[in-house]
Amino acid sequence: MSASTRRGLLRAGAAAAVAAPAAYAAPQAHAAPQPAAAETGAGTAFGPVTVRPDDPRYASLRLRGYNHRHASHPSRIRLVGTTADVVRAVADALRTGGRVAVRSGGHCFEDFVDRPDTDVIIDMSGMRDVGYDPGRRAFAVEAGATLAEAYRRLFLGWGVTVPGGTCTGVGAGGHVAGGGYGALCRLYGLTVDHLYAVEVVVADRSGRARSVVATREPSDPHRDLWWAHTGGGGGSFGVVTRYWFRSPGAPRNAEPGDLLPRPPATVLTYSLTWRWADLDEDSFGTLMRNYARWGERNSAPGSPAAALYGEFAMTTSPGGTLGIAGQVAAGDTAARRLLDDLQGALTGSRGVPRPEREAATLPWLSATLAHSGADAVPFASRMKIKSGYRRRGFSAAQLTTLYRGLTDPAYDNPFGSVFINTYGGQVNAVSPGATAMPHRDSVFLAGFLTGWTGEGEDERQLRWLRKLYGRLYAQSGGVPAGRDDSGTFINYPDNDLADPAHNTSGTPWHTLYFGKDGYARLQRAKERWDPRNVFHHGLSVRPLT
């Protein structure tokens, strides 16, 4: 198995079902209508452009979202190039009274943007700048920049990075606001652990749109708005236009190259693969218990094994494979020693066959951007995701549920999957209240998803995933609310958690995502910065009043 990540599985599933052009296309210069002079502003490098349903660009922009299970037909799409453009777009939306939504990378799994009541979409894809801001001694990343663009510019310009996600087509806008984790998080923490400031266009109680810069400085009167964007999720408080990053504790006289983590020159990329045909229920359970024990031993802050990151992916394809793939951010000798230790831990029990192993040492940037051109999902892809943080491995009963759900002969979609990612390390060195991302005591983050095409398949695909998830967490009301669970991840949003038909635990959806104390704090920020609830969706923070 090559690097079979959650995104790779969905790309493969969608590509196998349809062959269609990419969902986003650049404007056609020869035929594109120009916006009226009043809409263009002056002197901006990109936009603003207003695209309406009769514009040839409309379909490309409307369908740019990652998950076509949700759709909208907005009256207009505003492409913006500056913060002033965003202020005008929000002000216009407030005047007309329709629902306004924001799209950066377009990778949302739920209907945060695309809903029947969406009237205006503000498209951030024209705001992609990445650079150093000497005034704030921090690196500025605009919300429309993809992770690939941010990694490339930060590394080639200054030799630094932020510990963000492995799906490099994701936009910074929503990724950062949800917390952000990836291959370097066990070494350096979450993306938001390095967030210094955020610029947000908000709507006040009088209906006026304005931009606000909020920092983590204790003396900043806007600090609550910064905190809300350290894991509170996107679409609740306003439109993020720009983030600034600087690691806490960076010396005041430090050079730019010392203000963020420096990735290693090379990393060891690897995969350990088993065939489903070589495993039965007992050997599968043994393999997963071995993986759990390795994670529990090697996920403390400062652990040498924090350099190893892996995604253990299991598909529903009976003729396919399962296994772990990732990278080790250490010198080659040390990296191979850590990989040997992982392999030995996984296969050290009777009944677990030796995996097929692939490993290669690559420059860090090459390994990080290896799939940066393949993050687009073909037109008409549909998907659903669920998640759960774990303080330890799954129980024997849960492993039985996983095995039988993944090998169910009645479910013939080969692109259902479960992944269990390494977590912890430096992530767990930060106190739960320091950011709005409260999950600071986990060793794994599990994801449950499936991808398909065609609206007629929706009910069957959703039924399989809901059944698997509900049975896995049957002892805690169908959601991750048990003793060994630590809630859920807002960037893998799941509207089912807010539905009492699927969540019978008595634990509110917002507690699963943000913790009880964290949600109350987010509500206070919501009341201050979006008192009219202009920015809302199914899992957005609710106002206090």
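This is a predicted model: local features need pLDDT of at least 70, side-chain atom pairs count only at pLDDT 80 or more; totals for chains, interfaces and linings use all residues.
Mentor: Residues are numbered from 1 along each chain as its sequence is written, and side-chain values use heavy atoms, with hydrogens and water left out.

Trainee: What makes β5 and β6 paired strands?

Mentor: Pairing requires that DSSP find at least two bridges between two strands, a strand being a DSSP run of E of at least two residues and a helix one of H or I of at least four, numbered from the N terminus. β5 and β6 (residues 138-142) have four bridges, in the antiparallel sense. Valine 130 stands opposite valine 141 in β6.

Trainee: Why are β5 and β8 said to stand at the edges?

Mentor: The open sheet has the order β5-β6-β9-β7-β8, with antiparallel pairing. β5 (130-133) and β8 (209-215) each have a single partner strand, so one side of each lacks a neighbour in the sheet.

Trainee: Why are α12 and α13 called roughly antiparallel?

Mentor: Angles run from 0 to 180 degrees between N-to-C directions of axes fitted to C-alpha atoms, for helices over the stretch in contact (heavy atoms within 4.5 Å). Angles over 145 degrees count as roughly antiparallel. The axes of α12 (residues 396-406) and α13 (residues 458-472) cross at roughly 165 degrees, and the helices are therefore roughly antiparallel.

Trainee: Which residues of α12 and α13 meet?

Mentor: Gln398, Thr401, Leu402, Gly405 and Leu406 in α12 meet Trp464, Leu468, Arg471 and Leu472 in α13.

Notes
Angles under 35 degrees count as roughly parallel, over 145 as roughly antiparallel, 65 to 115 as roughly perpendicular and the rest as oblique.
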